[in-house]
Amino acid sequence: MAARATLHCLTGCAIGEVLGMVIGTALGWGNLPTMILAIALAFVFGYSLTLRGVLAAGVDFRTAFRVALAADTLSIAVMELIDNGVIALWPSAMDATLADALFWGALAASLAIAFVVTTPVNRWMIGRDKGHAVVHQYHH
């Protein structure tokens with residue numbers, strides 16, 4: 001269950017990260033604004049994926065939003081911290097462009113590392129009936 005929850009989180013984070021990096025890079029933004037956009041979009045897409053599922057269960061938006069915040073905030077935050085930390089520390093990764101294999105390789109590696117680190121966090125939360133354990137009560 002923890003691995004599935006982390007994969008769910010990774011999906012939203014990856015969509016937001018890639019979209020943010022593509023937009024920031026295409027617009028010629030510097031590293032900091034691009035990273036801020038990517039992180040913001042990772043949270044937006046991460047929460048959106050959970051909202052979609054909870055809303056489909058017939059829950060009102062306000063409750064669904066609270067469930068998404070409770071279920072995903074720590075998971076997304078850890079994933080983003082690890083993902084962006086790896087990118088920031090990877091030599092030349094911050095200067096790579098969309099056409100560079102380094103850009104895509106470093107991004108893929110950083111997301112994989114973030115998955116490995118975040119899975120135990122989600123397992124810990126699920127074991128305490130928090131995180132995605134809360135979301136599962138809305139799935140049929």
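Modeller: Let's start with a definition: buried means under 20% relative accessible area, exposed means over 50%, and partly exposed is in between (1.4 Å probe, protein chains only). This is a predicted model, where local features need pLDDT of at least 70, side-chain atom pairs count only at pLDDT 80 or more, and totals for chains, interfaces and linings use all residues. Residues are numbered from 1 along each chain as its sequence is written, and side-chain values use heavy atoms, with hydrogens and water left out.

Biologist: Thanks! Which helix holds S110, and is S110 buried or exposed?

Modeller: Helices are DSSP runs (H or I, at least four residues), numbered from the N terminus. S110 sits in helix α4. Because its relative accessible area is 0%, S110 is buried.

Biologist: Which side chain makes a polar contact with the side chain of S110?

Modeller: A polar contact is a pair of N or O atoms within 3.5 Å; within protein, one must be able to donate a hydrogen and the other to accept it, and residues adjacent in sequence count only if both atoms are side-chain atoms. A polar atom of the S110 side chain lies 2.8 Å from the backbone oxygen of L107. Between side chains, S110 has a polar contact of 2.4 Å, and the partner is D83.

Biologist: And D83 itself, is it buried or exposed?

Modeller: D83 belongs to helix α3. Contact means heavy atoms within 4.5 Å, and D83, leaving aside neighbours within four places in sequence, is in contact with E17, L107, S110, L111 and A114. Its relative accessibility is 0%, so D83 counts as buried.

Biologist: How many Å separate D83 and A112, C-alpha to C-alpha?

Modeller: In sequence, D83 and A112 are 29 residues apart. In space, their C-alpha atoms are separated by 8.4 Å.

Biologist: Let's turn to T6. Which side chain makes a polar contact with the side chain of T6?

Modeller: T6 is a residue of helix α1, and with a relative accessible area of 0% it is buried. Not counting residues up to four places away in sequence, T6 touches M79, F115, T118, T119 and N122. The side-chain polar contact of T6, at 2.8 Å, is with N122.

Biologist: Is the pair of F61 and F65 stacked or edge-to-face?

Modeller: The ring centres of F61 and F65 are 6.0 Å apart and the planes are at 20 degrees, so the pair is stacked. Both residues lie in helix α3, 4 residues apart, which is about one turn of the helix. F61 counts as exposed at 52% relative accessibility, while F65 is partly exposed at 35%. In one word, the pair is stacked.

Biologist: What about F103 and W104, stacked or edge-to-face?

Modeller: F103 counts as buried at 8% relative accessibility, whereas W104 is partly exposed at 39%. Their ring centres are 4.7 Å apart and their planes are at 75 degrees, so the pair is edge-to-face.

Biologist: Where is S92 placed, and what is its phi?

Modeller: S92 is in the loop between α3 (61–89) and α4 (101–127). At 49% relative accessibility, S92 counts as partly exposed. Although S92 is not a glycine, it has a positive phi of about 70 degrees.

Biologist: Last one: which residues make the nonpolar surface patch of about 350 Å²?

Modeller: Areas come from the Shrake-Rupley method with a 1.4 Å probe, and for residues only the protein chains shown count as cover. W29, at 40% relative accessibility, is partly exposed and sits in the loop between α1 (2–26) and α2 (31–56). The patch of about 350 Å² is made by L19, I23, L27 and W29.

Methods: Patches are made of residues with over 30% relative accessible area and no salt bridge: like charges are joined within 9 Å, nonpolar side chains (Val, Leu, Ile, Met, Phe, Trp, Tyr) within 5 Å. A salt bridge is a side-chain nitrogen of Lys or Arg within 4 Å of a carboxyl oxygen of Asp or Glu. Helices (H or I, at least four residues) and strands (E, at least two) are DSSP runs, numbered from the N terminus. Rings of Phe, Tyr and Trp (its six-membered ring) pair if their centres lie within 6.5 Å; planes under 30 degrees apart count as stacked, over 60 as edge-to-face and the rest as tilted.
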